[in-house]
Amino acid sequence: MTNTKNNFFSIIRPGTNTTYQDLGRKNLNHIGLPVGGAMDIRNYKLANSLLSDDSETLIEFAYQGPLLKFNGKEVKFAITGNVNFKIIRSKETEIGECYRSYNLKDGDQIDIISVLNSVYGYLAVEGGFQTDLSFGSSSTNTNARVGGNNGKKISNANQIILNNKNSNNFTKKLNYMNSKIEYIRVIKATNYNYFTDISKNDFFTKEFTVSKFSDRMGMRLSGPVIKNNVSTNIRSEGIIKGVIQIPSDGSPIIMLSDHGTIGGYPKIASVISADFDKVSQLPPGSKIKFEEITLKDAENLYNLYNLETQNLINQINQI
Amino acid sequence: MIKNITNLGDTALYCDFGDEVNSEINSNVISVFNILKDEKIEGIVNLAPSYNKLIVSFDLDVINYQKVRDLIKNLEIKKKIEIENKTIEIPICLDNEFQLDLKRLEEITKMSTSEIYKIFFSKKYFCYMTGFIAGMPFMGDVDIRLQSKRLETPRIKVPKGSIGITEKFCNIYTFESPGGWNIIGNTPIEIFNKNKQNQPVLINPGNKVKFYEISKTEYDKY
């Protein structure tokens with residue numbers, strides 16, 4: 001795959017969980033593959049929009065990002081999320097700003113030091129990255145070994161190859177601050193009535209804490225134990241992103257992008273689509289509460305979420 | 001055929017075909033799954049059939065719950081589509097290193113290893129659904145004499161290729177994965193192959209599976 005004519009990044013430090021992602025793959029739940037794709041779709045879209053209008057593959061990183069050295073002809077890149085990074089050039093080091101495109105010259109380095117008060121950040125380059133596709137998508141699912149980099153996290157052994165594209169874009173910028181979610185809006189799910197009245201009440205009134213056992217598959221919460229008075233197991237059946245399962249220990253698990261496609265724990269509720277991005281960005285230790293809304297409200301809020309994303313894309317300016 | 005439809009979150013329909021798990025109800029699930037797959041309704045982005053349920057996911061940018069529900073209710077579900085009734089033969093190696101839970105099964109079933117295997121190999125298994133991890137088939141029904149619960153503490157890592165049984169079901173771990181089924185052997189066959197994009201999974205819902213024994217020497221040749 002290495003083509004010496006293409007621009008590439010050599011990897012000085014891969015970061016803790018660095019993968020290629022796009023918007024995922026459809027119509028494969030029945031063989032056991034979830035949609036996958038970027039955890040924070042708005043930030044994925046903003047990163048691409050800062051460089052072009054195309055939906056390209058980009059690099060998603062979590063907590064500590066990679067340290068990359070650029071090799072080749074000048075190219076632009078942008079980082080989105082809530083990310084602390086710097087650009088190390090031959091003569092100077094520049095503190096990076098998210099939501100702004102930068103030029104990279106041969107030998108420059110991007111040091112993605114950390115993600116602040118969130119989990120995921122995104123690195124996009126002009127023209128996108130050259131990656132493996134599985135079922136038409138580069139989204140890396142490390143459980144099924146599908147997607148970019150042969151289904152594995154990016155490691156020191158790899159090289160990140162860029163598609164060739166001339167750098168003739170203007171430098172662009174967006175003023176945007178991510179906000180953190182405190183109330184996660186949910187719709188009751190199919191096994192809501194499996195739980196005791198006290199636990200149903202606790203679920204919607206008490207505070208939960210995001211545990212460290214959270215990843216691209218799901219997010220575990222701790223808090224009041226949610227007690228079941230019917231059965232702690234159901235016949236295994238299909239599940240989707242956002243579903244909140246309650247296993248026998250009574251601690252909720254929210255299904256995220258790389259969830260197992262089948263689950264056997266009762267489902268108490270399901271996170272609305274408009275809140276997926278912000279839920280994915282909750283770091284361990286975050287305190288949250290659940291708020292029940294109707295399906296109609298969830299649909300309206302999703303339309304609003306889409307409008308907001310589109311407004312942000314429209315606000316991207318040349319500088 | 002569908003007894004009840006509700007929503008699951010804001011992007012899916014939860015279609016209930018009844019409480020029982022048997023091949024008739026499961027055939028109904030697979031029939032509707034096949035019909036919807038062929039209809040290619042705009043906005044439907046995923047179908048997840050299981051023993052007695054079908055989850056229909058849709059793209060909220062294109063369509064919503066009420067519209068998909070109306071479409072499915074008006075869909076003429078004629079007679080059952082004949083499900084391809086093919087039998088797939090799967091080799092299993094019973095070498096000691098692969099019999100992770102045989103001691104436990106001997107205790108639970110009060111039978112010897114050879115009796116357990118004789119019963120296990122004596123029938124074909126029906127694939128009810130595929131999933132959890134990519135390509136994993138959920139098959140049944142295991143003979144009542146072999147039925148046992150899951151491990152109390154699931155393994156953090158079940159080796160790839162492991163054949164597991166629990167209650168009236170058996171499965172194949174298509175990837176190394178956490179899991180709590182009783183492991184009785186291992187297959188060298190690649191059940192999920194991402195490079196076969198049109199048919200990545202060897203065992204599909206509705207298929208039958210016949211297991212047969214191979215030696216470690218044969219296993220190592222795969």
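1. The model is a predicted one. In it, the buried residues of H1(A) are covered by elements that include strands S2 (19–21), S3 (58–62), S5 (75–80) and S10 (120–125) of chain A, together with helix H4 (276–280) and helix H5 (295–314) of chain A.

2. Helix H1 of chain A spans residues 41–49, and because eight of its nine residues are buried, the helix is largely enclosed by the rest of the structure. The buried residues are Arg42(A), Asn43(A), Tyr44(A), Lys45(A), Leu46(A), Ala47(A), Asn48(A) and Ser49(A).

3. Chain A also holds an open sheet of six strands, which pair in the antiparallel sense and follow the order S7-S6-S9-S4-S1-S11. Strand S7 (93–95) and strand S11 (159–161) of chain A stand at the edges with a single partner strand each, so one side of each has no neighbour in the sheet. From one strand to the next, the twist averages 25 degrees.

4. Within this sheet, strand S4 (residues 67–71) and strand S9 (residues 109–115) of chain A are joined by three bridges in the antiparallel sense, and Lys69(A) has Gln109(A) of S9(A) opposite to it.

5. Between the chains, 33 residues of chain A are in contact with 39 residues of chain B. On the chain B side, strands S1 (4–8), S2 (12–16), S3 (44–49), S4 (53–58) and S6 (125–130) each supply at least two residues, and S3(B) gives the most, with five residues. The residues on that side of chain B comprise 22 nonpolar, 13 polar and four charged.

Note on methods: Residues numbered from 1 in each chain as written. Chains lettered and ligands numbered in written order. Predicted model: local features only at pLDDT ≥ 70, side-chain atom pairs only at ≥ 80, totals over all residues. Pairing = 2+ DSSP bridges. Helix = DSSP H or I, 4+ residues; strand = E, 2+ residues; numbered from the N terminus. Axes fitted to C-alpha atoms, helices over the stretch in contact; angles between N-to-C directions. Buried ≥ 20, exposed ≤ 12 C-beta atoms within 10 Å, placed from the backbone. Contact = placed C-beta atoms within 7 Å. Nonpolar A, V, L, I, M, F, W, Y, C, P; charged D, E, K, R; others polar.
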